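Try each task before you read its solution.

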Amino acid sequence: MPRVSKWNQPDGDRTFYMKYLSDCLVEAELNEFFSRELVDAGYASCTLRRTATTLELTILCADPAIAQGQYHYRLHQLEYVIASRLKMNPNSVNIWVDKVLKRGLSAEIMAENLRAKLEEALPIRRAAYSIIRTAMKAGAAGCEVVISGKLRAQRARASKFREGCLISTGHPKRIFLAEAIRHIKMRQGVIGIKVRIYNPNIKGKVMPDKVEILEQAES
């Protein structure tokens with residue numbers, strides 16, 4: 001019997017997959033847009049929810065007041081830009097802003113902090129370990145910082161700083177590992193930074209290899 005691809009399904013199923021892919025592309029584009037526009041607010045992530053008539057966006061950032069602006073003027077500007085890009089009615093785009101409870105567990109915020117430290121000419125080792133200490137104090141099980149480029153010598157190299165344990169493969173990586181990449185334009189060239197934070201304490205999620213031993217009940 002020939003194998004049936006999911007794209008060869010009836011029109012109803014194919015429409016569902018096309019809508020799902022469309023939402024994923026829109027969310028990726030919005031994530032890149034917010035990472036540029038809301039740098040000063042400490043942008044972390046965004047989630048998209050589409051209804052029959054509206055598009056609802058929830059933004060997580062370190063400082064919601066800066067993201068909203070005075071009298072929510074900045075949010076209204078973002079809603080108008082997004083509606084124009086997606087060819088929607090501006091009244092059908094709604095944006096809510098929430099505060100990140102633990103900034104040290106957000107790879108996006110930590111990457112922005114590291115970029116600011118390096119732009120202020122802080123020593124690389126000192127800047128990297130300050131990010132790692134912040135993440136570990138927030139409850140992370142592991143943190144890794146990679147800085148690559150022409151750091152001090154003429155030849156480019158990569159410096160890796162790490163503490164704790166990390167996971168790098170499998171489905172748990174998508175759930176428990178947060179990763180952010182940034183680029184800095186310095187006088188000696190472009191420097192790339194990568195921050196990876198392993199947070200096993202996500203609500204409602206459990207690592208597959210976690211074993212819990214129950215105490216024997218007294219008879």
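A residue is called buried under 20% relative accessible area, exposed over 50%, and partly exposed in between (1.4 Å probe, protein chains only). This is a predicted model: local features need pLDDT of at least 70 and side-chain atom pairs count only at pLDDT 80 or more, while totals for chains, interfaces and linings use all residues. Residues are numbered from 1 along each chain as its sequence is written, and side-chain values use heavy atoms, with hydrogens and water left out.

**Exercise 1. Check the span of helix α5 (residues 124-137) against its number of residues.**

Step 1. Helices here are DSSP runs of H or I with at least four residues, strands are E runs of at least two, and both are numbered from the N terminus.

Step 2. The expected span is 1.5 Å times one less than the number of residues.

Step 3. Helix α5 has 14 residues, so it should span 20 Å; its end C-alpha atoms are 20 Å apart, which agrees.

Step 4. Look just past the end of α5: Gly 139 has a positive phi of about 115° there.

**Exercise 2. Which residues of α5 are buried, and which elements do they pack against?**

Step 1. Pick out Ile 124, Ala 127, Ala 128, Ser 130, Ile 131, Ile 132 and Ala 135, the buried residues of α5.

Step 2. Recall that an α-helix has 3.6 residues a turn, so residues three or four places apart point the same way.

Step 3. Follow the contacts (heavy atoms within 4.5 Å). The buried residues of α5 pack against α4 (107-119), β4 (142-149), β5 (157-164) and β7 (189-198).

**Exercise 3. Describe the salt bridge between Arg 182 and Glu 108.**

Step 1. A salt bridge needs a side-chain nitrogen of Lys or Arg within 4 Å of a carboxyl oxygen of Asp or Glu. For Arg 182 and Glu 108, the closest N and O atoms are 2.4 Å apart.

**Exercise 4. Is Arg 196 buried or exposed, and which residue does its side chain meet in a salt bridge?**

Step 1. With 13% relative accessibility, Arg 196 counts as buried.

Step 2. The side chain of Arg 196 meets that of Glu 179 (3.6 Å, N to O).

Step 3. Glu 179 is partly exposed, as its relative accessible area is 36%.
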